[in-house]
Amino acid sequence: MGKWSALPLDAESWYGNKSSDYFKKQFGIYKGLLCLYSSEFIHCYVPEELLKNLNQRITQINKKNFKSLEKKLKDFYPLVKKAKIAIRFQTGINYSGLSNKKIADSFLFIRDWVRRVTIFDQFGFIGENYLTAPLEDILVNKFSLSKNSEEYNKILFILTKPEEISSTLSEKRFALQQAIKIKNKEIGLEQASKKLAKAYGWMPIFCYGDPWDYSYYQKELNNLLKKSLKQLKGEYIKLKEYKKIRNREVNSVILKYKIGPRDLQKFIDFGLALDARNEAEYFVSYAGFYLLPLYKEIAKRLHLSINQTRLLYEADIIDCLLGKKDAGKFLESNNKFRGFGYNQTMSKRFYLSSTEVAKLFNFIEKRARSIQGDNEQQGVCASVGKARGSVRIVSSPEQNDKVNDGDILITYATTVDYLPAMKKAAAIITEVGGLTCHAAVISREFEIPCIVALKNAMKNFKDGDLVEVDADKGVVIILKKA
């Protein structure tokens, strides 16, 4: 399933015994991946058995009632509301005055809510290929559309567009609203910036980065204020009426192609899986905001940096806090390789030693089959359109500042941490990903071209290359080399 700019502790937000248990409770099967940490990346491998099991389970869920999967996926929305309320009670706690045991309890409390929510991210991530197959069958065989044609992509993206507005667009809508108020002299720049920071400053913290403060939003608002009041109002109204516009577009397609309830349900299910996957990732950022002071306190008590702390697993951190392990010696003995896998039923996780990880990584990389990103010449259209610009290779969120307005962002895969760069990009290219991935969804929301699953894009293009992105065809052409 690719490699990700994350550390072992980050990966445990998705992969752990409790995560597998929660997945079983919601979707009826255990979920387990092989995760190997090498250098700065987590490499994730999914057993084919899990893909088959999930496909069979989706079929079983919908066997009695073709709307049953929709009901399961909609469980996400009350869950994430409950989770946000639960962890919000951590606000303002003075962790420096708490015992190590209470620090450990607070840490585990928030992390447990993260696991409950991220099973929905995993459902869309692991099940995407099975969820998209019937959509392709309907579009090609029933609607007689050529795969990846302009009409094919248009209809696909309309019918799978989530019914509810996303966190990304909610933040954009609020920023537009504040810019309009500034133009009308109803509020000052500083006050508006602070309101935005309070409401949405948590968004880029996916792997415990820095929140957006009011100075960040001052820059954002100053850019918006370059637009006319008419432009701002037009963009704001479009987002304010998001649901109405979305439903009108969907109904238009239903009438044009005479789509029946059972066929339409497949697109509804995919849209829900897509939305839950991406909103679950935003919840990781939301929870990360409340984890930040805990991580700082834990790192201080263990005499580590925050990044060193993230090299530990959750159980390691608890053991170190309770005096059962020495954090420094433990990190030294585990060197730069960490890893874990699951038993055959995927119900229990086991840990791998540094030596085992090094050997297994070299062995499996030569034999694993990539689910996403096997073609160096053509990727998958994740958001339609064309764009020209200079390439910026971004291997981790720490390099977001490399991207300027109008650049072409190329990376391995995006997460919420990449949002500052994505907001500036004229187009986004990733080496892995599918139609539910973060880069795909954000690009469609920003209405910029996006190609995913373009193998070796980070090697085949260089910083400064002038390129043309034709997302409809899934290709990137070099116009002038750097």
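**Ground rules**

I am working with a predicted model, in which local features need pLDDT of at least 70, side-chain atom pairs count only at pLDDT 80 or more, and totals for chains, interfaces and linings use all residues. Residues are numbered from 1 along each chain as its sequence is written, and side-chain values use heavy atoms, with hydrogens and water left out.

**Entry: cavities**

On a 1 Å grid over the protein atoms alone, a cavity is a set of points where a 1.4 Å probe fits but cannot get out, and lining residues have an atom within 4 Å of a point. Points are joined across faces, edges and corners, and a volume is the space filled by probe spheres set on them. I found three cavities of 30 Å³ or more.

The largest cavity has a volume of about 300 Å³. Of its 24 lining residues, Trp4, Trp14, Phe206, Glu281 and Thr415 are the closest to the centre. Which helix gives the most to this lining? I noted helix 6, with three residues. Helices and strands here are DSSP runs numbered from the N terminus (helices H or I, at least four residues; strands E, at least two). Among the other elements that supply at least two residues are strand 3 (41–45) and helix 13 (261–302). I sorted the lining by class into 14 nonpolar, six polar and four charged residues. For this, Ala, Val, Leu, Ile, Met, Phe, Trp, Tyr, Cys and Pro are nonpolar, Asp, Glu, Lys and Arg charged, and the others, Gly among them, polar.

The second largest cavity has a volume of about 50 Å³. Its lining includes Trp4 and Thr415, two names I had already written down for the largest cavity.

**Entry: the largest pocket**

Next I turned to open space. A pocket is an open set of grid points with protein on both sides within 12 Å along at least five of seven lines. The largest pocket holds about 1600 Å³ of space. I counted 44 residues in its lining, and Trp212, Tyr216, Asn400, Pro420 and Lys423 lie nearest its centre. Helix 10 gives the most, with six residues. The lining divides into 19 nonpolar, nine polar and 16 charged residues.

**Entry: salt bridges**

Side chains of opposite charge can pair when their charged atoms come close. I searched for salt bridges (a side-chain nitrogen of Lys or Arg within 4 Å of a carboxyl oxygen of Asp or Glu) and found 30 in the whole structure.

Lys238 and Glu447 meet at 2.9 Å, N to O. This pair links distant parts of the chain, 209 residues apart. Is each side buried or exposed? Buried means under 20% relative accessible area, exposed over 50%, and partly exposed in between (1.4 Å probe, protein chains only). Lys238 is partly exposed at 44%, and Glu447 is exposed at 57%.

Asp316 pairs with Arg338, their closest N and O atoms being 3.1 Å apart. Asp316 lies in helix 15 and Arg338 in strand 4, so the pair ties together parts 22 residues apart in sequence. I read Asp316 as buried at 5% and Arg338 as buried at 6%.

**Entry: a surface patch**

Last, I found that Leu466, Ile477 and Leu479 form a nonpolar patch on the surface, with about 230 Å² of accessible area together. Areas come from the Shrake-Rupley method with a 1.4 Å probe; for residues, only the protein chains shown count as cover. Patch residues have over 30% relative accessible area and no salt bridge; like charges are joined within 9 Å, nonpolar side chains (Val, Leu, Ile, Met, Phe, Trp, Tyr) within 5 Å. Ile477 sits in strand 12 and is partly exposed at 43%.
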